[in-house]
Amino acid sequence: MSFKRLTKKTEFYVALILIVFCLIIQARSGQFFTPNNIVDLLRSLTIPMMFAVGEMMVLISGGVDCSFPAIASLSMYFVCTKLDGAFSNPIPYFLVAMALGLCMGAVNGFIVAKYKFPAMIVTLGASSLWIGVMQGILGSSEYPLTFPLYQLGEAKILTGTNPVTGFSSNLPVHFGFAVVLVLIGWFILNKTMLGRGIYAVGGDEVAAARAGFNVFGIRMFIFCFSGAMAGFIGVCRASMMMTVNPNNMIGMEMDVIAACVLGGVSLVGGKGSVIGAILGTALMTLVSNSLILLGIPTVWARVFTGLIIIVGTGVSAVQEKTRKNTLHVAVSDQ
Amino acid sequence: MSKETTAKKPLEMILDNSSARMVALFVVVFIACSLLQGKNFLSPDNFLAMFRQFPEYGLLAIGIGMALIIGGIDLSAVYLANLSSIVAGLFVLRFYHGDGEGGTGIVLASFVVALLIGAIGGILNGVLISGLGIPAMLATLGTQSLFWGFGVVLTGGSTLSGFPKVLGNMINMKFGLFPITIVIFAAAAVITAIIVQKTKLGREMKMYGTNNRATVYSGLNNFKIVVCTHMFSGMLAALSGIIMWGRYSSAKADTGATYTMQAILIAVLGGVSPLGGSGSVTGIVLAVLIIQMLSSLLNMYTFIPNACRQIVWGGLLLVVMIVNYYLDQSKKKRH
């Protein structure tokens, strides 16, 4: 890819901002490029990054999924409380959670694909439903983590130690899972017919149907995939935190959607890339994690998140507008 | 042809007209509540309690409903309501030096401040959506964070309290049989209904919601339509903020966080199309009353945990959308 083409991509600018931001933090605090800070960042990137891959696929297909934190919380809470001690191996917990997530995702998928309602309102309703089931029927108190998952939470890939301060952080194996999920997402989107179908449905549903894509099937797949992944991520989160907290994922949906859009994933569908979603997530995580290093009081965290969303999406919206206008002029000149 | 000329059955007429559908649903829910919990439900105390509860989220529902009518959404309304009451609260605390007595003038002035903040926040939403072209969902998601964040910064993350007694007295005042909050709600609903149903702006809103490209080609000012709608919706949010502030005599950055979902449910239940372009304030008001009755009914069964309400709201939203879909389908088939 030539450099000129590269500069036309949103991902390029996000990466640029990311690097500049890192350098600013390093210049102000001198603590950025230390092994423990980098490991800490990767650690807090793990969960949002996995969510971003699922959400990005939904967004590319022209929908939006606001219910994945609810699905993740409910499936995680169910397997961790109801199946506590049932298995001696962590894998069945993941499988059951994924199956539950898949079923919940299928409900979303069916309603969105069959009735063509706005996905956002459907998934908001579903989200309320699942959170209600969890808090009202299963209860919403913290619960000790079952042993196999606890053991998994203790496993680490590497340890980053700051040579000056002596602080160290561990990178859990879950980061490896996240990398695998990212690769799966990339593979589906770029190397399979299904992936082409996802882009086609997001770009123009009617055209995709004419071209022979099964629009209903693709939409169903997207939401089922997102749901199953949410179940998996929910268990990952519990095992990473080493405790079962049903409420600390709720509200993440908006940050994840914003991160995807920052990374150039279009909210109307048809456009976006895995690398963009990851970069957007990295930027959001970096901003909320580095305020302390920059010397900004934590009460300002939310204001900064809001500003990042508005500025980031504003820039791409204005770009889109000017692009459309130039296109318009070119056509009318003929 | 012969089918159209024959008189329609009464049931079909009710199902075809969305307002009639709402009235019928209202009556059904009312009768069901009376049958299930007659003694508790029909008591004057319960009615007073219901009247006290619904104006705060009812106003939010009308505001969010307007955003839905123009084909957008407003996720920031609840936090704008809180921010307005926080700024008004700080205004009162800054200029009031009594020991709990007096301060009527300052409190009234602070209401104006709150409405002003609501209007500014709404204009910001409108400018981001129409001026910059950010999709409504993301723009209001950003401002949600922003309003919430400013609320946290201004309060330092805690709850504002220590307001003069007159504030609570004013909001909890009764107007004959009705609490003043009902009067505020009714006035706001009537004004909004007139704007949406009778004025040029209301017509333009619906046209914009149906097709915002067509409005440009017919010479309408899209920017003005969106900004006006969101400004008005912001002021309704501020009004709701004032009521919540007065009811609890305290202001906090994250009061009523579940109201966003509930307000969207109410608007959709009230016949506002989630795709934009149609909807009426009368429908929203009826939906508010229906939701309040159901909420009070659920309260009367003390063994049902509070969180189960979320199941009802979420499930109801999905069911209502699906039922409306089939009713519209069969209506299309008949005509």
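**Chat about a predicted two-chain model**

Colleague: What box do the C-alpha atoms of chain B fill?

Modeller: Roughly 75 × 55 × 35 Å, taken along the principal axes.

Colleague: And how many helices and strands are in chain B?

Modeller: Chain B has 15 helices and 2 strands. Buried residues account for 46% of its 335 residues.

Colleague: Of the contacts in chain B between residues at least 6 apart in sequence, what share joins residues at least 24 apart?

Modeller: That share is 78%.

Colleague: Switching to the interface. How many residues of chain B are in contact with chain A?

Modeller: 38 residues of chain B, and they are in contact with 38 residues of chain A.

Colleague: Which elements of chain B give two or more residues to that side?

Modeller: They are α7 (136-155), α13 (259-269) and α15 (308-334) of chain B.

Colleague: How do the residues on that side divide into nonpolar, polar and charged?

Modeller: On the side of chain B that touches chain A, 27 are nonpolar, 10 are polar and 1 is charged.

Colleague: Leu25(B) next. Where is its place?

Modeller: Leu25(B) sits in helix α3 of chain B, residues 18-41.

Colleague: Why is Leu25(B) called partly exposed?

Modeller: Because Leu25(B) has 16 other C-beta atoms within 10 Å, while buried takes 20 or more and exposed means 12 or fewer.

Colleague: How far apart are Leu25(B) and Val183(B) in space?

Modeller: Their C-alpha atoms are 24 Å apart, and the two residues are 158 apart in sequence.

Colleague: Now chain A. In what sense do strands β1 and β2 of chain A pair, parallel or antiparallel?

Modeller: Strand β1 (residues 156-161) and strand β2 (residues 168-172) of chain A pair in the antiparallel sense over 5 bridges. Lys156(A) stands opposite Pro172(A) in β2(A).

Colleague: What do β1(A) and β2(A) form?

Modeller: They form a hairpin with 6 residues between them. In the turn, Gly166(A) has a positive phi of about 85°.

Colleague: Last topic, confidence. What is the mean pLDDT of chain A?

Modeller: The mean is 87, and 97% of the residues of chain A reach 70 or more. Where pLDDT is low, the predicted coordinates should not be read in detail.

Methods:
Residues numbered from 1 in each chain as written. Chains lettered and ligands numbered in written order. Predicted model: local features only at pLDDT ≥ 70, side-chain atom pairs only at ≥ 80, totals over all residues. Contact = placed C-beta atoms within 7 Å. Helix = DSSP H or I, 4+ residues; strand = E, 2+ residues; numbered from the N terminus. Nonpolar A, V, L, I, M, F, W, Y, C, P; charged D, E, K, R; others polar. pLDDT = per-residue confidence, 0-100. Pairing = 2+ DSSP bridges.
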